[in-house]
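The plan is to look things up one at a time and jot down what turns up.

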Amino acid sequence: MNDDNELKSYPVWDAPTRWFHWINALSVIALAGAGLVILNDDALGLSNPGKFALKKLHVWVGYVFVLNLCFRIAWAFAGNRYARWRQVLPGGPGYLHSVRSYVSAFVAGKPQRYLGHNPLGRLAVAAMFALIVVQASTGLVLAGTDIFYPPFGHWFAHSIAAPGVAPSTVVPYAPELYDKPKYESMRAMRKPFVEVHEVTFYLLLIAAALHIAAVVVTELREGGNLISAMFTGRKIVSGKPMDE
């Protein structure tokens, strides 16, 4: 058989990378669902206890999201070659040439096969990582300013507690426990974080949709079982991959 047409199976995505991917996907779906309800709580007629319960759920899923992200950042230094930063993020010697070459070959109907992320895929991954980091960081601030949850909640509770009120007793929707001027100052401080969190939320939804579309199109054009590889860890490719 001609080597150019021979199918060969390669181990690509290690188990920790696959676990990160699916935990991240499920976390984003859960956070998006809860976030949309929170954004429309008044229209949906949620009571204050209902809002608090939903926000707690949102924050706890957010902790999973953040810890999973932290693990992936660390794993990019310790994982296999396809999980590492140099194979994930754009840049490096000859990167722009590889982008041009990949696009030209794709348009010409003779796509170049990659085991790891292709050059355009690395750009998309970098954008997704940036959005996830911003979303996670702003989310932790909002968790502290809204329902006084870690890691910043105790500090914010202490800063707004009314005279004679123990910070540990400060809870959401209890204005009698707050020093009103300090509370209003804190709410003004958090407003930019709210805006960034909301904008990033919508950008992340758009990026996720584009990611899914790109995976489907790439698999149809290039093969390589991109989708199943994120379950099995192995890619089946014909010919010699560009990054073997």
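What follows are my entries, in the order I made them.

**Entry 1: what kind of model**

I note before anything else that this is a predicted model.

**Entry 2: helix α1**

I began with helix α1, which covers residues 15-39. I checked its length: 25 residues at 1.5 Å each should span 36 Å, and the end C-alpha atoms sit 35 Å apart, so the two agree.

Next I asked which residues of α1 are buried. My list reads Thr17, Arg18, Phe20, Asn24, Ser27, Val28, Leu31, Ala32, Ala34 and Gly35. I also looked up what covers them, and the cover includes α3 (48-78), α6 (119-146), α8 (180-222) and α9 (226-232).

**Entry 3: Thr17**

Is Thr17 buried or exposed? Its relative accessibility is 5%, and buried means under 20%, so Thr17 counts as buried. Its side chain makes a polar contact with the side chain of Asp14, at 2.5 Å. Leaving out neighbours within four places in sequence, I found Thr17 in contact with Arg72, Trp75 and Ala83.

**Entry 4: helix α6**

I ran the length check again on α6. Its 28 residues should span 40 Å at 1.5 Å a residue, and the end C-alpha atoms are 40 Å apart, so this one agrees too.

Then I looked at both ends. What caps the N-terminal end of α6? Asn118 does, with a side-chain oxygen 3.0 Å from the backbone nitrogen of Leu120. Just after the helix, I noted that Phe148 takes a positive phi of about 60 degrees.

**Entry 5: the nonpolar cores**

I looked up the largest nonpolar core and found 21 residues in it. Which of them touch the most other members? They are Val59, Phe65 and Tyr149. At least two residues of this core come from each of α1, α3, α6 and α8. The biggest giver is α6, with 8 residues. Apart from this core lies another, of 10 residues, and I wrote down Phe148, Val170, Ala174 and Leu177 among them.

A reminder to myself: in soluble globular proteins, nonpolar side chains tend to be buried together.

I went back to Tyr149 for its contacts. Not counting residues up to four places away in sequence, Tyr149 touches Lys56, Val59, Trp60, Tyr63, Ala143 and Gly144.

**Entry 6: Ile160**

Ile160 is in helix α7. I found it buried, since its relative accessible area is 0%. Beyond its neighbours within four places in sequence, Ile160 is in contact with Phe148, Val170, Leu177, Tyr178, Asp179, Lys182, Tyr183 and Met186.

**Entry 7: Tyr173**

I moved on to Tyr173, in the loop between α7 (153-160) and α8. Tyr173 has a relative accessible area of 35%, so I put it down as partly exposed. What does its side chain pair with in a polar contact? The partner is the side chain of Lys55, at 2.9 Å. Setting aside residues up to four places away in sequence, Tyr173 touches Asn48, Lys51, Phe52, Lys55 and Tyr178. From Tyr173 to Val237 I count 64 residues along the chain, and their C-alpha atoms are separated by 57 Å.

**Entry 8: Val196**

Val196 is in helix α8. Its relative accessible area is 37%, so it goes down as partly exposed. Not counting residues up to four places away in sequence, Val196 touches Val134 and Thr138. Val196 and Ala32 are 164 residues apart in sequence, yet I find them 15 Å apart in space, C-alpha to C-alpha.

**Entry 9: the largest pocket**

I ended with the largest pocket, which has a volume of about 1,500 Å³. Which of its 49 lining residues are closest to its centre? I wrote down His21, His117, Val125, His211 and Val215. The elements giving two or more residues to the lining are α1, α5 (95-107), α6, α8, α9 and β2 (234-238). The largest share, 13 residues, comes from α8.

Key: Residues are numbered from 1 along each chain as its sequence is written. This is a predicted model: local features need pLDDT of at least 70, side-chain atom pairs count only at pLDDT 80 or more; totals for chains, interfaces and linings use all residues. Side-chain values use heavy atoms; hydrogens and water are left out. Helices (H or I, at least four residues) and strands (E, at least two) are DSSP runs, numbered from the N terminus. The expected span of a helix is 1.5 Å times one less than its number of residues. Buried means under 20% relative accessible area, exposed over 50%, partly exposed in between (1.4 Å probe, protein chains only). Contact means heavy atoms within 4.5 Å. A polar contact is a pair of N or O atoms within 3.5 Å; within protein, one must be able to donate a hydrogen and the other to accept it, and residues adjacent in sequence count only if both atoms are side-chain atoms. A nonpolar core is a set of buried Ala, Val, Leu, Ile, Met, Phe, Trp, Tyr and Cys residues joined through side-chain atoms within 4.5 Å. On a 1 Å grid over the protein atoms alone, a cavity is a set of points where a 1.4 Å probe fits but cannot get out, and a pocket is an open set with protein on both sides within 12 Å along at least five of seven lines; lining residues have an atom within 4 Å of a point. Grid points are joined across faces, edges and corners, and a volume is the space filled by probe spheres set on the points.
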